[in-house]
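Keep the sequence and the model side by side as you read. The walk below goes element by element.

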Amino acid sequence: MRVIAGIDCGTGFTKALVIGQSPGGTPHILGKARVKSGVNADAAAEEALRIAVVSARLRREDVDYIATTGFGRYSVAFRDIQITEITSAARGVHHLLPEAECVLDVGAQSTRAIGIAGGKVKQFKSNDKCAAGSGMFIARAAKYLEVPLETVGEVSLASRHPQPISSVCAVLAESEIINHVSAGVTVEDIFRGIHESLADRAGALLRRVGMRDRIALIGGVALQGGIVKALEERLSVKVDVPPDCEYVCALGAALLGAQRLLGKAKETSHAAGVRV
Amino acid sequence: MAEKSEYRGNIHQRQKQLMLDWYGKLEQAASGDEPKTCSLMVSGNCVELLEAFGIVPIYPEVNALQLAIRHQSLDPILAAEEMGYAADNCAYVKADIGCLLKGITPTGTRLPEKPTLVLCNFVGCNTYLKWFEHVAKFTGAPLYVIDVPFLRTAEPSKEDVAYVVKQLHELVALLEKLTGRKFDPDRFRHAVACSARSEELWSRIKHLAKVTPSPFDAYFDAITLMGPLYVYRATQEGVDFFTDALAELEAKRSAGEGVYERERFRLVMEGPPPYPYFRTFRDMFAKWQATAVASTYSTVGGLWEFGFRHDPAEPFESVAMHMIAQNVTNRNMLQRYDQMQRYLEEWKADGVIIHFVKSCRLFSAGQGDMRDYFSKQLGVPTLYIESDLEDPRYFAEAQTRTRIDAFFEALEHSKAHPQPRPTVAKGTQLCVLPQA
């Protein structure tokens, strides 16, 4: 069995996931870990990998191949290969939800909609130089409203009268939130409004990549029940959240790394591109 | 895997020297009464007529891009914004106006404070009308506007050509008055003949990119050659430069040398580059050993690879034809689709890269539909990226790199596992315009 690590160097967190795979066999997840990315992507990747290896009851030198993905993918000096998070997400989702055709990946600073077929990218669309539809928007609101980030999803689900956040800018949206607070709007309704605003923005991306009646939601924001409900209600779709949703890109990178290592494909990656 | 394209032939050095010589002439003009100078646009211009009077062109766009490529564009942009130009104004305009206000030039040499004439030959882009009005106001130079009709028919009507020719004759009278020189028809014909020769050589260079591997990059390297094309095409220096450039690139072609050790992808590029990050942007494609084999941006000054040449037998009429019909900016979007489709088929390209320029409505309006047309209707791998040609604030390196990497990761697979593309009859013309 060969041991392959996928490291997703995101702008908020660095996720490492270790798989074991034999030629012709089924890949098994052996361990995983998540650390804050901070300012040194290389150090964060090393630390995440170290913890993931320990959780897998392995040693660092047992790792045969390392595939990096995410914004910091080029910054990791000890990588064997780098792959974009778009290609990695497609591969990871396909492994966990083989029928998925449309993926929404909401990260700390970017949101991506990806149309996939058989684990290959058909087309993708990302938000551009704007944080209004990203996890950082929610994190800033949580900080301002003094709500622990990990409880935002539940808080949002308790909303009875969601308040719309109409601004197209994350910074200006904070002014709207302040207005809502001043007007006595509940924290639950504000967060649900934020989730609905995010769902509307994601809808514009998802429609461009051929969304039908079902999407796979990945990234750390997928842990928030409020966004799942908002997406389902606003976009009239069924939302599937795979297990370990924040590790999907790391998993995809590891699987693609395994393919490379085991010689299943000569290409550096395996996303079918017809329309991008 | 090569990370960069480091090809630097003689033509790159010659180009650099020619452009420095040009700035030298402009500095000479700034210090005295000669040579006479004229500010005008690159696209669809009548530089041949200026050459007939010995007038040196000043190209505000070239100054602006030279500033940007030297990472000096933000200061003049901020100066213009401080003056009241809006964030969404054309960044070329703001950089140029900011330079005027702050006395900045790309090479540090002086530019004439007051050109002999400000000549607005606006084709397609109405922003230029206001831009050149402002330049005339700030410099105190006289302004002449040539009204070039937009191309509304497959070929320009006789009336449209006559309308432009009439204005060119008016311009001749104005130039005689401003320079104190009598118009010399023979010198004009000679300038037109030089242009025809430079255009023929340039066209042959562009057709060299049809071979695999292409001996040069028809976007990034073509931009290097575009400076001499616009400044010198109507001169013997221009002819000499392009004669040598063709010979150098033909030698590369004969030796089977491409831009990279191994050419992996062939692209059609649409839109100007992000000049403030020109090298960074180029390296994003070099990493994948992707060569542009054709580009629409390199036809801004003139659309010569499909056969048009200036004609010394009909100098005024051919200059008018060039201004109306033979540059990409005065043609409609569907004609641009046709142009790109020919590139894809005849230059055998794998995909299209569209660079949307935030501050340029002229070139960028409609590019979303263009992406859908090429990707969805033709099934051509198409990448759409956004930044700006002049303003460094709109370039997001990490996001741009991710999109380009993801595009090539996908393209790599689709090349290895090709799918049939929707059938489009060869030579199908999208844009069928009425005959004049």
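Which residue in E6(B) is the bridge partner of Met269(B)? The partner is Ser295(B). Before going on, some ground rules. This is a predicted model, in which local features need pLDDT of at least 70, side-chain atom pairs count only at pLDDT 80 or more, and totals for chains, interfaces and linings use all residues. Residues are numbered from 1 along each chain as its sequence is written, while chains are lettered from A and ligands numbered from 1 in the order in which they are written.

Back to the sheet in chain B. Helices (H or I, at least four residues) and strands (E, at least two) are DSSP runs, numbered from the N terminus. Strand E5 of chain B covers residues 265–270 and runs parallel to E6(B), joined by 5 bridges. Two strands count as paired if DSSP finds at least two bridges between them. Strands of a sheet pair through backbone hydrogen bonds, either parallel or antiparallel. The open sheet holds 4 strands in the order E6-E5-E7-E8 (chain B), and the pairing is parallel. At its edges are strand E6 (290–295) and strand E8 (382–387) of chain B, each pairing on one side only. From one strand to the next, the twist averages 30 degrees.

A helix covers these strands. Helix H16 of chain B, residues 397–416, lies across E5, E6, strand E7 (351–357) and E8 of chain B. H16(B) runs at about 175 degrees to E8(B). Such angles run from 0 to 180 degrees between N-to-C directions, and axes are lines fitted to C-alpha atoms, for helices over the stretch in contact.

Now the helix pairs of chain B. H10(B) spans residues 236–254, and H1(B) spans residues 10–31. They pack at an angle of about 165 degrees, with their axes 10 Å apart. H1(B) and H10(B) are therefore roughly antiparallel. The cut-offs: under 35 degrees is roughly parallel, over 145 roughly antiparallel, 65 to 115 roughly perpendicular, and the rest oblique. The crossing of H1(B) and H10(B) is left-handed. That term applies if the near helix is turned anticlockwise from the far one by less than a right angle; clockwise is right-handed. On the H1(B) side, Asn10(B), Ile11(B), Arg14(B) and Leu18(B) make the contact. H10(B) answers with Glu237(B), Phe241(B), Asp244(B), Ala245(B) and Glu248(B). Residues are in contact if their C-beta atoms, placed from the backbone, lie within 7 Å. By class, the contact of H1(B) with H10(B) has 4 nonpolar, 1 polar and 4 charged residues. Here Ala, Val, Leu, Ile, Met, Phe, Trp, Tyr, Cys and Pro count as nonpolar, Asp, Glu, Lys and Arg as charged, and the others, Gly among them, as polar.

H10(B) has another partner. Helix H8 of chain B, residues 185–208, packs on H10(B) at an angle of about 20 degrees, with their axes 9 Å apart. H8(B) and H10(B) are therefore roughly parallel. This crossing, too, is left-handed. Among the residues that meet are Leu201(B) and Trp202(B) in H8(B), and Phe242(B) and Leu246(B) in H10(B). The contact of H8(B) with H10(B) divides into 10 nonpolar, 4 polar and 4 charged residues.

Look next at two loops in chain B. Pro35(B) sits between H1 and strand E1 (37–39) of chain B. A cis peptide bond joins Glu34(B) to Pro35(B), with omega about -10 degrees. Pro213(B) lies in the loop between H8 and helix H9 (220–232) of chain B. The bond from Thr212(B) to Pro213(B) is also cis, with omega near 0 degrees.

Turn to chain A. Its open sheet has 5 strands in the order E3-E2-E1-E4-E5 (chain A), with mixed pairing. Strand E3 (28–36) and strand E5 (81–82) of chain A are the edge strands. Strand E2 of chain A, residues 13–21, pairs with E3(A) in the antiparallel sense over 8 bridges. Ala16(A) has Ala33(A) as its bridge partner in E3(A). Helix H1 (residues 41–55) of chain A packs on the sheet, at about 140 degrees to E3(A).

Last, confidence. pLDDT is the predictor's confidence in each residue, from 0 to 100. Chain A averages 90, and chain B averages 92. Over residues 265–276 of chain A, pLDDT stays under 50. The model scores ipTM 0.77 and pTM 0.87.

Methods
Contact = placed C-beta atoms within 7 Å.
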